Amino acid sequence: MSMIQDWPEPIVRVQSLSESNLRAIPNRYVKPLSQRPNITSHNKLNPHTATAIPIIDLGGLYTDDITRQAKTLDEISKACRKRGFFQVVNHGMNPHLMDQAKATWREFFHLPMELKNMHANSPKTYEGYGSRLGVEKGAILDWSDYYFLHYQPSSLKDYTKWPSLPLHCRDILEDYCKELVKLCEELMKILSRNLGLREDRLQNAFGGKEESGGCLRVNYYPKCPQPELALGLSPHSDPGGLTILLPDEQAASLQVRGSDDAWITVEPAPHAFIVNIGDQIQMLSNSTYKSVEHRVIVNPANERLSLAFFYNPKGDVPIEPLKELVTVDSPPLYSSTTYNRYRQFIRTQGPRSKCHIEELKSPQ
């Protein structure tokens, strides 16, 4: 992996721009016409785009009712195959811990800039406080700041890279991430079963429980005076395995590309997680499960905060379609890669729709 040491130009914190009460956003954040969101300056969504993705009650899996169990498995299977996104309720995490995690990060982003900048990140690892993805000089940037940290494997976990303020934030983060790893491990079993595989098959393809990666990216979207020109996060599919998102319930901002190419706004259910399939699981499942493009819109009146937990394969294990899913009628659609190699693309190029996974398609 190439080790890029620093950003190509001085870093500007989007939060500082937003708090300077500017009327117009700098050109660096103005998206080309084809990428601009379909909203008015008041952030009123086009009524045709506001719709739901399935809300699945995971409680159905832990009952003695076999019919209900089968129905829940089927709902997850359909969501993974068709939409790539679903919401889960009764997922096992205490709602109070979810609220605490969000409140803690909101507090962090409201700290004085000099305290936050003590955690400034570099493109070498991306860990810490950041304001851009990709190292292309002069790139059009997204209207967001973020914080990125590793939770597992233990060889990558470094508490000194985690924020030290607000007080107790590391304890809350530890509890939050620990619970999410449990949820990811459960979902991996379900996804394997729904593919007709042994329930540990996907987890083993990730390198096993101890070596699978878990990292957190907290996205902070400040108020934007011209939301019709900018995006909080450009269209992309997630490069990793599974993503578990804790969204901001105050205002919907996540948009998912529908089958007709229209952008669908996800309305978050109370204390639900939004789950989506990443590129690594699309490749392992030989495209049975879909990683779907998504983006984030911004708002003139409200800041937003979301917590994205990424569950990923070990960096150096080969990722390719699972042999059990490859037949004469379903040949392997992707050539072999590793997550380390794959992730390098988004870290240097920034989010670029689904072009990276398309490049890995095997010639048929």
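Helices (H or I, at least four residues) and strands (E, at least two) are DSSP runs, numbered from the N terminus. The structure is a predicted model, in which local features need pLDDT of at least 70 and side-chain atom pairs count only at pLDDT 80 or more, while totals for chains, interfaces and linings use all residues. Residues are numbered from 1 along each chain as its sequence is written, and side-chain values use heavy atoms, with hydrogens and water left out.

Helix H2 spans residues 66-83 and has 18 residues. From its first C-alpha to its last, H2 reaches 25 Å, close to the 26 Å expected at 1.5 Å a residue; the expected span of a helix is 1.5 Å times one less than its number of residues. At the start of H2, a side-chain oxygen of Asp65 comes to within 3.1 Å of the backbone nitrogen of Thr67. This is a polar contact, defined as a pair of N or O atoms within 3.5 Å; within protein, one must be able to donate a hydrogen and the other to accept it, and residues adjacent in sequence count only if both atoms are side-chain atoms. Just after H2, Gly84 adopts a positive phi of about 75°.

Burial is assigned from relative accessible area: buried means under 20%, exposed over 50%, and partly exposed in between (1.4 Å probe, protein chains only). In H2 the buried residues are Thr72, Leu73, Ile76, Ser77, Ala79 and Cys80. Viewed down the axis of H2, these residues fall within an arc of 160°, so they line one face of the helix; the arc is that of the directions from the helix axis to the C-beta atoms. An α-helix has 3.6 residues a turn, so residues three or four places apart point the same way. The face of H2 turned away from the buried side carries the exposed residues Thr67, Lys71 and Lys82. The buried residues of H2 pack against strand E2 (55-57), strand E3 (85-89), helix H5 (169-194) and strand E11 (273-277), where contact means heavy atoms within 4.5 Å.

Helix H5, one of the partners of H2, has 26 residues, which should span 38 Å at 1.5 Å a residue; its end C-alpha atoms are 37 Å apart, in agreement with that value. Ser192 lies in H5 and is buried, with a relative accessible area of 0%. Leaving aside residues up to four places away in sequence, Ser192 touches Leu197, Arg198, Glu199, Arg201 and Leu202. Just after H5, Gly196 takes a positive phi of about 80°.

Asp261, in the loop between strand E9 (254-257) and strand E10 (263-266), has a phi of about 75°. His271 is located in the loop between E10 and E11 and has a positive phi of about 55°. At 28% relative accessibility, His271 is partly exposed.

The structure holds zero disulfides, a disulfide being a pair of cysteine sulfur atoms within 2.5 Å. For Cys169, the closest cysteine sulfur is that of Cys177, 11 Å away and too far for a bond. For Cys215 the closest is also in Cys177, at 9.3 Å, again too far for a bond. Cys169 is buried at a relative accessible area of 3%, and Cys215 is buried at 5%.

The UniProt annotation "domain: Fe2OG dioxygenase", from an unreviewed entry, covers residues 211-313. UniProt positions are given in the numbering used here, feature names are shortened, and annotations may be inferred rather than shown by experiment. Over residues 211-313 the chain is 6% helix and 42% strand, and the end C-alpha atoms are 8 Å apart. Cys224 lies in the loop between strand E6 (213-221) and strand E7 (233-236) and is buried, at 0% relative accessibility. Apart from residues up to four places away in sequence, Cys224 touches Ile25, Trp143, Ala230, Val298, Asn299 and Pro300. The C-alpha atoms of Cys224 and Ile297 are separated by 9.9 Å, although the two residues are 73 residues apart along the chain.
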